[in-house]
Every structure is written in C-alpha cells, then in structure tokens.
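Let's take a quick walk through the charged side-chain pairs in this protein. Have the sequence and the 3D view handy as you read.

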Amino acid sequence: MTTSSGFSPWSRLRRAALIGMMLAGLPFAPACRPHPSASAPLQVVFFTDVHARTEWDTPQALAKAARAITAEHADLVICGGDMITDGFNATPAQAAPRWDAYHAMHAAIRPPPVCAIGNHDLVGAEPADGSPPAADPRAEFRTRLGLDQIYRSFDFRGFHFILLDPFEVTGGDEPYRGFVGPEQMRWLHADLARTPRDVPILLVSHMPRLTVVYQLAQGLATPVPANRGILNNREVLAAFANHRLLAVLQGHLHVEELIRWRGTTFITGGAVCGQWWRGPWQGTPEGYGVLLLHPDRVEWEYHPYGWQARRPAGR
C-alpha cells in the first residue's frame, strides 16, 4: 500500500535498532537536540479512543490492534487518550476491569506507548451510581500510567513533543468542557521558552484544536460543542507563534481528519473502537494512524486493523 504522498510503510528499510530508552512511559533523549535527518523520517504510530472494556470480545480486538501496531515497527507510539470507556461516570472499582483490559493491550505494544489523557480516563468525576465524586478524577490515570504530571513534554530524535490535559470538569448538564487553564498555559509558555525556535514541535491533545467534522456532518454554520473542542484553542495556538508547530495530534471525535492550516497539520486520529465497538463511525473504521515526520512536513496514513464489530444491536 502506498499513500498519496508516496511512502510505503511495508517497503521502507526498518530501523536497525530502537533509538532511545523508555523511562516512565517517555522516550529517553539526550539533552542536546540533533536536527532530524531529511533522509530518515521518524515513524510514529498514533492511536486513540480505545474505550477498553471486557464485553463483546473487546479484549480480542485490543490484542489484534496491539499486534498490528507493533508490526509497524515504529520509532515511537503515542496514545491520544480515552484508553477506557465511561471512566467519567464510574467508580475506581467499576473502572478497574477496563483499565486491566487496556493495560493488556498497552503491555503488548512495542515500543511502549506514550499516553495523553482523555475525558473517559477521568475516573469518578460524576459516578452514575450516586457515589461521591472523586477528589481527583485524574489520580487513576497518573497511578495506572506511573506519571507525576499529566501535561508534560519530551524530546525525541530532533522533535519536541508536548502532551496537554485539555479538560475542565464543570458539572451540570455539560459535565466537562475543553479548556486549557491558566496554570497549564503558564507551564506551556515556560516549556516553549526552553525550546529552540527551529525545533519542530508536535502537540498531542485528546480534544481537537481544529476540526470541521461538525460543519461537514451538520452544515457549515454548525458550531463545535464545548465538550467536543478546545474553547481557548486560539490562545493555545498563539503560544506557538514563534515556534515550528509541525503537527497537532487529536482524537475524541472517532473520525479520521486531516487539515493543514498556516503550516501546521492537524490530524484527528480515528478510533481503535470505531463507533464505540459498533463498527465504523462517519466512514472511519476501527484503526490507528501512521505518520512519517520530516523536519518540514508530515505524511499520514490511516490503517484499519480488520476488526468486525460484535456489539449486539441496540446496546
């Protein structure tokens, strides 16, 4: 298979060795930032919206997806969030089997994935059974992934990666919204101040910063709901004004989408679960994406992994 941009993941020479080490779920990189080589693009697998659960043979689907992802022999694997399903409305005890199902997939993927947080990964924010809300809905995510901080950054093979936490729990009819708060914005500005301006940057965030899905599906004048995109997206993107924001990797909408705007490629990465384990959603089947990162451009291809939905009708 060859993309419209001409690369073939199956025909390329594979790397002789995995570059870097994994430490606390992040690739280890030296303090210096060597410029990426124009002749050897960095291959990244980006998967998102797993919605791990135990029903409907879902663990078999996760194992199949893990085998397909590992078979890409990527230099780096990134998960865009929503690793489990319905954590927001579950207690930690109710969410535990779903975390176990996800971790079986996670452990089978090589290299180990670097993970951003999704709204379903906020455990116990509003338990549906009336249990008291969790004091910190992000605690389970940090514990399960072995993280001290959810928003973070790292350098790898001449690229700078930033993972953000784009959620504000609000309660009520709209229990959360997409918003990057002041504390995280201060951290982002400080991180960018330490990053040379010529280093290509990839921003990873579960909630989209730019999408036309609603306009295409429901009409040009349709606004993006507050729980489907980042409300202060312009503020976030403005922080990169003097830097090379090469790409933004996002999820949440379960569709494959690619937009290029002012030199940045925005990719919505489909979903491992498709239509929440009911099959394809809006024309996007269950799958993940493969990127080739060059210093000045991004190549992208979406790979279905061949799962046939087994969720009963009406469920």
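## Salt bridges in the model

E168 comes out as partly exposed, because its relative accessibility is 27%, which sits between the 20% and 50% cut-offs. Keep in mind that you're looking at a predicted model. The side chain of E168 pairs up with that of R177 in a salt bridge, with 2.4 Å from N to O. R177 is partly exposed as well, at 24% relative accessibility.

How many salt bridges turn up in a search of the whole structure? The count is ten. Here are three of them, with the N to O distance for each pair.

| Pair | N to O distance |
|---|---|
| R177 and E168 | 2.4 Å |
| R142 and D136 | 2.4 Å |
| D165 and R138 | 2.4 Å |

Now for R142 and D136, which are joined by a salt bridge. R142 has a relative accessibility of 24%, so it's classed as partly exposed. D136 gets the partly exposed label too, with a relative accessible area of 30%.

Technical notes: Residues are numbered from 1 along each chain as its sequence is written. This is a predicted model: local features need pLDDT of at least 70, side-chain atom pairs count only at pLDDT 80 or more; totals for chains, interfaces and linings use all residues. Side-chain values use heavy atoms; hydrogens and water are left out. A salt bridge is a side-chain nitrogen of Lys or Arg within 4 Å of a carboxyl oxygen of Asp or Glu. Buried means under 20% relative accessible area, exposed over 50%, partly exposed in between (1.4 Å probe, protein chains only).
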